[in-house]
Structure formats: structure tokens, C-alpha cells
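This report looks at salt bridges in one protein model. The sequence and structure come next.

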Amino acid sequence: MATLYGTAAVAAGSGAGQSAGERKTLQSGATRRAPGIGRGALLAISWLVPLLVVLMWEALARTGALSPQVLPAPSRVVAKAIELIRDGRLLSDLGVSLLRAAVGFVIGGAIGFALGTAVGFSRLAEAVFDRSIQMVRAIPFLALLPLVIVWFGVDEGGKISLVSLGVMFPIYINTVLGIRQVDPKLGELGRVAGLDDWQLVRRIVLPGALPSILAGVRYALAVAWLALVVAETIATTRGIGFLAMDAREFLQTDVIVLTIVIYAAIGVLSDAVARVLERRWLSWHPNYASGGR
């Protein structure tokens, strides 16, 4: 699939008078690493900066420059995390939140991809769906909360529906964009090669749209957690959001900071998974090949 798309892309652009080597150089130039800095050094720098921030935070907290009621030291937050893990509360709430996010992501992602594919290929589908979708997309999550409670109650359905709604829009928009950005010359070349409609979609259009779709997935992963935070403010007794809301009532800033750190860690891990998928599924693409990003 990817090989045919890559071959077709090269053939379609051959009229520009550039050799394959020149095109590859131009395509990969924007993603070239800084001269004299290896990948290992760049990775070390990316982790060194957050580590320095944490060390400064710890130092300021220990010297009293930061009040424990305002921002507790990282060591105190870690101690609180260990305490909650021993009580069995933290892992239980984390599991509930992960399940809500995963189910909402699957449902919203499937709907967004299906609608995006339909609108990307059909102007009639765009006329039917797009304007309504854009209108709903402009509504803030908090404005939808009362209606979601009326429709789904305060059970899991309301929380999952909010996550699904938030996830749907980035994947929908990027799917439409990816399909519309595929060079029409590649379709003509596929026709010349004898591909039918389904083969044209599977071997040229979808591979060409995949970079944009995966970018939508990465953004949707972040939105999923944002939507979940809002969703877990609805009456609930489990989840990381509930843990933070409960800690606010008792002014437990160490627990509040812990929940924020958990959200940040999950966001980093989910983005790392998305990057791995990009490198694996787009290994044929010069900008995503090993060492390209």
C-alpha cells in the first residue's frame, strides 16, 4: 500500500525536472537534525530541562520560598502518591479514568473517521454533515454539561459521550484535510495502472491522507483527557478527576498536584505511542522514516 503510494508520488512529480535524490533531499531538509548534535544528545536535552525544573521546584519548596499550601515539594507529592497506591485508591481511580478515556476515544475516533472519510470523498456528504459538525464543534464542553446530564444522567454514559464528542472533531477535520490534500495526479496515475475504485482508495488515497489522520489522532489524545477532566466534574465517586475535586474540598494541594502530574504523564505516554505508530505506519515516507524525525 505505502510502496505504491510512494512510487506514484515520485512518478507524479517527475515532471518538475528533479532527480529522486534531489527530491528526497528537499523533503527531508526540514526535518534534518541540528549539525553536530546527535539523536542521543537531543533526547538527553529534552529530558534534562524538565528535570532541572523539578529540582528547582524542590529547592524552592525546601527553602520555604514556596508555601506547602500553595505548591508542595515534588518529594511530598511522590510520598502522597505512594500512600494512595498502598491504600489502593490511586490505581483504582486511574484505571477508571483510563477506561473512560479509551472507550470514548474508540467511539469518537470511529465516528470522526467515518464522517471525515465520507465528507472527504463526497461533496454531497459535505453539504449534509459539515456545517452541522462545525457548529457543534464551536460549543464549549462546559456549555454541553447540562444537556449531557439530561440525556445520559450522571452515569458512565455522560462521561464517555463527552470524551467521544471531543475526540471526534480533530480526527474528522484531519481526515477530511488529508483526503482533500492527496494530489489528483496520483489518482490519474492509479487509473492508468489499472486500479479500480477500492484499490485507488486503499493504495493511494488513504496512504496519502495517513500523515494528516495520525496528526489528528495525536491531537485527539490530548483532547480526550481535557474532555475527561470536564466529564469527571459530573457527580461521580471514582476517577482521577474526582480525586482532584475531592482534594480541593479538603485543600490537599499535594493530591491536586499529583493528579496534574498524572494527566501530564499520560499525555506524554500517549503522544509517544502515537509517534511510534507514525514511524511504523509511515516508514515509507521520507519525512517519517527512521532518523527523519
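A salt bridge is a side-chain nitrogen of Lys or Arg within 4 Å of a carboxyl oxygen of Asp or Glu. The model is predicted, so local features need pLDDT of at least 70 and side-chain atom pairs count only at pLDDT 80 or more, while totals for chains, interfaces and linings use all residues. Residues are numbered from 1 along each chain as its sequence is written, and side-chain values use heavy atoms, with hydrogens and water left out.

By this rule the count comes to 12 salt bridges. The table lists some of them, among them the pair Asp93 and Arg89.

| Glu58 | Arg62 | 2.6 Å |

Helices here are DSSP runs (H or I, at least four residues), numbered from the N terminus. Asp93 and Arg89 both lie in helix 5, four residues apart, which is about one turn of the helix. Glu58 and Arg62 are likewise four residues apart, in helix 3 (residues 39-62). Asp254 belongs to helix 12 (residues 253-281) and Arg76 to helix 4 (residues 74-87), so this pair ties together parts 178 residues apart in sequence.

Buried means under 20% relative accessible area, exposed over 50%, and partly exposed in between (1.4 Å probe, protein chains only). Asp93 is buried at 5%, whereas Arg89 is partly exposed at 31%. Glu58 is buried at 14%, and Arg62 is exposed at 63%. Asp254 is buried at 9%, while Arg76 is partly exposed at 37%.

Conventions:
Helix = DSSP H or I, 4+ residues; strand = E, 2+ residues; numbered from the N terminus.
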